[in-house]
Amino acid sequence: MKFVSIVIGSKSDYEVMKSCSDTLEAFGVSYEMIISSAHRSPERTKEYIITAEKKGAQVFIAAAGMAAHLAGVLSSKTVKPIIGVPMSASALSGIDALLSTVQMPAGMPVATVAIGKAGAINSAYLAMQILALDNEELAIKLKEDRIAKAKKVEMDSMEIETIISL
């Protein structure tokens, strides 16, 4: 079964990354989420990647703060797409995690999204866009979602214009 693998570096990342899993659930996309640290449990992380690929993981999402090496470790162990979500876990408000996630050596790509909740949600959308390359049903759901979002902006705009003209 094809699914998205969400790997979080610590339990403290769960509340933010729940936005990612909620987004996948809203579209009916299968996922699993585990806690595994690039630094504190490197062997667990390596073993998990192998196991997840055998079970059908198509895309990996890695959420980590501070040094944020988790996405890089995943990238070094698989050729599946990796999406890194920098977490705001330090005095630098996630800038350290952003730089650690985005600055990968050539040939070891990690797609990097925004810090925190917006990044968690966008990681789910990016994972679904990757899956939609060969899943027409999911592609249609994503297109319908974009149309609904555009309509909401139009409705909000009309509401504001009405208030302003009064």
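Residues are numbered from 1 along each chain as its sequence is written. Because the model is predicted, local features need pLDDT of at least 70 and side-chain atom pairs count only at pLDDT 80 or more, while totals for chains, interfaces and linings use all residues; side-chain values use heavy atoms, with hydrogens and water left out.

I begin with the annotation. An unreviewed UniProt entry lists residues 2-153 as "domain: PurE"; such annotations may be inferred rather than shown by experiment. Over residues 2-153 the chain is 50% helix and 18% strand, where helices (H or I, at least four residues) and strands (E, at least two) are DSSP runs numbered from the N terminus. The end C-alpha atoms of this stretch are 33 Å apart.

I turn to the helix pair. Helix α1, residues 14-26, packs against helix α5, residues 117-131, at about 30 degrees, with the axes 7 Å apart; axes are lines fitted to C-alpha atoms over the stretch in contact, and angles run from 0 to 180 degrees between N-to-C directions. The two helices are therefore roughly parallel, a term for angles under 35 degrees. Contact here means heavy atoms within 4.5 Å. On the α1 side, the residues include Val16, Met17 and Leu24, which meet a set in α5 including Ile121, Tyr125 and Met128.

Finally, Lys54 lies in helix α2, residues 42-55. Lys54 is exposed, at 73% relative accessible area; exposed means over 50%, with a 1.4 Å probe and protein chains only. Met1 is 53 residues from Lys54 in sequence, and their C-alpha atoms are 9.8 Å apart.

How values were computed. Angles under 35 degrees count as roughly parallel, over 145 as roughly antiparallel, 65 to 115 as roughly perpendicular and the rest as oblique. Buried means under 20% relative accessible area, exposed over 50%, partly exposed in between (1.4 Å probe, protein chains only).
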